[in-house]
Each structure stands twice: as C-alpha cells, then as structure tokens.
Amino acid sequence: MSYISIPAVQDLGNVFLLDTRHMGGEGKLGVYLLPGASGKFALIETGPGSSLPSIKQGIQEAGFALKNLDSILVTHIHLDHAGAAGELAALSGAAVYVHERGSKHMHDPSKLMASAERIYGDAMDSLWGKMLAIPEEQLHILKGGESFKVLDHTIEALYTPGHASHHLAYLLNRSDLFTGDAAAIKLTGSSVIRPALPPPDIDLELWQDSIETMLQANAKRLMLTHFGMTEDVEAHLMAVPERNQEWADEILQGMQEGDDNEGLIARIAALGNAELLADDAPPEVMKRHQETSNYEMTVMGVTRYWQKHHPEVLEQEQSLL
Ligand SMILES: [Zn+2]
C-alpha cells in the first residue's frame, strides 16, 4: 500500500483548501480560501496560531497576498479552527465573522487560553500557539440565519450547535457547506466518519437538530475542516448522529460498569482503532485520525455530556449496586 500524501494547497474549483500541516502532519486540519475580485480573498477557518507559517505559505502558494485578506469566517472558536484569527486580522485588517456566543472570547481570549492551558499543560504552545485579541470594530457578530455578502459571494450562516454551543456552518452560493466540526471528521484514505466530541459543550440532541438544518440547506458539497470536500452530502450528514451515538454509548457503558478514566480511554480507543483497521486504513491515516479525534478529549467531552444532560442513566446503575 502506498503512502497517502496530501498536497499543501488543493484547488477545489471555486475555493482552495490549504493544509495547515498541523504538528507536521498532513491532511488533518484545513483552512479554506475563497477568492474575490482584484486579488482580494476570504478565509473560512484559520487553523491554530502554531500553524501560521504554513497558513501564510499556503495563501502565497494559492496566489494571494496576506494584505488582501478581506474577511475571516470561523465556524467556532476552538483553537484548531480560530486560533490564528487574531494575528491574521491584525496583519490584514480583515473583518472576523463569529457567533455571538463566541465573540467575547475572540475579543478577549484570556479565559479560553487559560482553560486550554489547564487541559494541555506544557504542550499548549507547541500544539496551539498564541491567540491574539481582536478589536471589537473588526468583529462581525452572527446569530445564525443571516445571509450576507463576502466579496462577490453570498454566504448564509446556519446555527449548528451540538459540537459547540456557538457553532456556525456557512453555506456558500447555495452550493458548498463549510461544516466546521458539525459534520464530524473524515480524512483522505479512509471511509470512516469519526466523531468530534471534545469538552465542554457536547449536546447530542441539539446536534441532531443541526443535522436537520444542514440537510435542509441542500448543499451540493460538504467542506470539512478535518479534512476536505465530499459530494456524498446526504449519506455523510445522516451518518454523523449515528456515529456520535455509537461512541457516546460505548463510553456510557464503561461509566455504568465503573471504568475509571484510563479504562474509558482504552475502551473508546479499542473501538475507534478497530473501526479503522476494519476499513483497511493505512498506518499514517490511522495516526492522523488518532491525533484529530483524540480519545482522551473524547472521554472528557462525552462523560461531561452524560453527567450534565442525562444524570438519570448514571444514577440508575448506582442504585442497583
Ligand atoms: Zn471543535
């Protein structure tokens, strides 16, 4: 089997996909570049601060100059999606579009950074880098449901919570839907769709509603941040809540059986790795997947979901003991 390599810049017709090469790895985390007239362009997602050199290089390789960056649209404020927004906005003066529940953290990222530091500790800087504050006058705050122009393009913002309470998907020219993490993860080289279930906001019921919202958008293509384009729109979207439920139920079973944290991580790793092996995923694709939907984060996100939204399923078990 040959090694699956991913180009640094892919031309997808009307948009470019830039690979952030996050932590030196290929095909895990993307940024989309939307061209406009006279050299201007917009970005959908920015990647993290630690990937800025690759992002700048990708912009150049696609034929654009950073000073012509007009707008930045982030699906949500997790560091892998929006971490570099502050620096890119400072270098270009670009407008930054974000959901109202995420905007205060873009204006003052100190709380967001502090909570990420609690989770990632010493690895914080090399993993995610810095996030700079964005001046209020550069922020364009959305609720979802808006339709607006970016350069010559029509964008519709769809409110799609479930992965994050402030998550937006963006529909470009009624055709391409930029799904952030709301349509989960699918990497080149495997047909497996993997859940994106980190803390602190996971809500599977809200996520189900967001899938309906995205189905109703009737997009022709899905543009996943992790990673790339798929034309299999309906089947992909319908699979997402099933995959989420499978992983969440696996972790619930462990919680009910009294697994400790290590046990829960081992349990979901066994399931996730078995799925990839059954799909004949090459070793490099398995590794990319393991780094993208990290098992430790999955356990943190899902245990919190069960405890917060369905404490009854945990109490039942305890009362039987
Ligand atoms: Zn996310």
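In this predicted model, helix α9 (residues 261-278) and helix α11 (residues 295-309) have axes that come within 9 Å and cross at roughly 115°. That angle makes α9 roughly perpendicular to α11, and the crossing of the two helices is right-handed. On the α9 side the contact is made by Asn261, Leu264, Ile265, Ile268, Ala269, Gly272 and Asn273, while α11 brings Tyr295, Glu296, Thr298, Val299 and Thr303 to it. Sorted by class, the contact of α9 with α11 has six nonpolar, five polar and one charged residues.

The zinc ion has as its protein donors His76 (NE2), His78 (ND1), His163 (NE2) and Asp181 (OD), which lie 2.1 to 2.3 Å from the ion. Because the four donor atoms subtend angles of 82 to 176° around the zinc ion, the arrangement is irregular. The spacing of the donor residues in sequence is H-x1-H-x84-H-x17-D. His76, in the loop between β5 (69-73) and α2 (79-82), and Asp181, in the loop between β11 (176-180) and α7 (204-216), are 105 residues apart, and this pair links distant parts of the chain.

Most residues other than glycine have a negative phi, and most peptide bonds are trans.

| Peptide bond | Geometry |
|---|---|
| Pro199 to Pro200 | cis, omega near 5° |
| His226 to Phe227 | cis, omega near -10° |

Pro200 lies in the loop between β11 and α7, whereas Phe227 is placed in the loop between β12 (221-224) and β13 (228-230). Asn173, although not a glycine, has a positive phi of about 45°, and Asn173 is found in the loop between β10 (168-172) and β11.

How values were computed
Residues numbered from 1 in each chain as written. Predicted model: local features only at pLDDT ≥ 70, side-chain atom pairs only at ≥ 80, totals over all residues. Heavy atoms only, no water. Axes fitted to C-alpha atoms, helices over the stretch in contact; angles between N-to-C directions. Helix = DSSP H or I, 4+ residues; strand = E, 2+ residues; numbered from the N terminus. Parallel < 35°, antiparallel > 145°, perpendicular 65-115°, else oblique. Left-handed = near helix turned anticlockwise from the far one by under 90°. Contact = heavy atoms within 4.5 Å. Nonpolar A, V, L, I, M, F, W, Y, C, P; charged D, E, K, R; others polar. Donors = N, O, S within 2.8 Å, 3.2 Å for Na, K, Ca; no water. Tetrahedral: all angles 85-135°; square planar, octahedral: opposite > 155°, others 65-115°.
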